[in-house]
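This briefing is meant for a reader coming to the structure for the first time. It groups a few points by topic, to be read alongside the sequence and the model.

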Amino acid sequence: MTDGDAPATDIPATDSAPARPAKPVFPLPPVVERLTTQHGYPRLDDPAAGPWRGDDGTWVVFLPGHGKGNGETADVAVILPELVRTVRPALTPAVAGPAVERALLARTGMMSLPALVFLRGDTLLGTIARVRDWQDYLERIATILSGDAPAPTRLQ
């Protein structure tokens, strides 16, 4: 090696890195579709629409984890209608399509799915990720709806 030469590296030069195998995409459990077909929850597919904006009511948007194959998704889909019936004041439920799910995940900073996102107008009231026991859901929702949940933020 001469004075002007760069030191050798242990990493061989390649034109392209080896391709990673694609992650498998799993369908949602049928019980998620029943939320829209049997219970009449709207499916939100347009992230720009934000139907909770300008609404004084409280929305709970179910983020099922599109393509993830999480076993808890079916459990939350079964629990959600019971929560909506039990919690007062009334919640307006909806199911996020893939694009809305990505947009809400980006805005909430959440990582765990499935999740419930609580919104009023442009205000994010709080979130609940994964399956919880019944009493934990009720306590967390009461805290979220009372405004005592930590650091609610405004959606963009």
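**Charged pairs**

In this predicted model, D136 forms a salt bridge with R140, and their closest N and O atoms are 2.9 Å apart. Both D136 and R140 belong to helix α4 (residues 134–146), where they stand four residues apart, about one turn of the helix, and R140 is partly exposed at a relative accessible area of 32%.

- The structure holds five salt bridges, and one of them joins the side chains of D122 and R53 (3.1 Å, N to O).
- Because D122 sits in the loop between β4 (115–120) and β5 (123–129), while R53 sits in the loop between β1 (43–44) and β2, this pair ties together parts that are 69 residues apart in sequence.
- D122 is partly exposed at 26% relative accessibility, and R53 is partly exposed with a relative accessible area of 26%.
- Within helix α2 (residues 72–86), E82 and R85 lie three residues apart, about one turn of the helix, and they form a salt bridge whose closest N and O atoms are 2.4 Å apart.

**Aromatic pair**

- A search of the whole structure finds one aromatic pair; the ring centres of W52 and W59 are 6.5 Å apart and their planes stand at 70°, so the pair is edge-to-face.
- W52 is buried, with a relative accessible area of 2%, and W59 is buried as well, at 8%.

**Surroundings of T58**

- T58, which is placed in strand β2 (residues 58–63), is buried with a relative accessible area of 4%.
- The side chain of T58 makes a polar contact with the side chain of R120 (2.7 Å).
- Leaving aside neighbours within four places in sequence, T58 is in contact with residues including A90, L91, L125 and L145.

Technical notes. Residues are numbered from 1 along each chain as its sequence is written. This is a predicted model: local features need pLDDT of at least 70, side-chain atom pairs count only at pLDDT 80 or more; totals for chains, interfaces and linings use all residues. Side-chain values use heavy atoms; hydrogens and water are left out. Helices (H or I, at least four residues) and strands (E, at least two) are DSSP runs, numbered from the N terminus. Buried means under 20% relative accessible area, exposed over 50%, partly exposed in between (1.4 Å probe, protein chains only). A polar contact is a pair of N or O atoms within 3.5 Å; within protein, one must be able to donate a hydrogen and the other to accept it, and residues adjacent in sequence count only if both atoms are side-chain atoms. Contact means heavy atoms within 4.5 Å. Rings of Phe, Tyr and Trp (its six-membered ring) pair if their centres lie within 6.5 Å; planes under 30 degrees apart count as stacked, over 60 as edge-to-face and the rest as tilted. A salt bridge is a side-chain nitrogen of Lys or Arg within 4 Å of a carboxyl oxygen of Asp or Glu.
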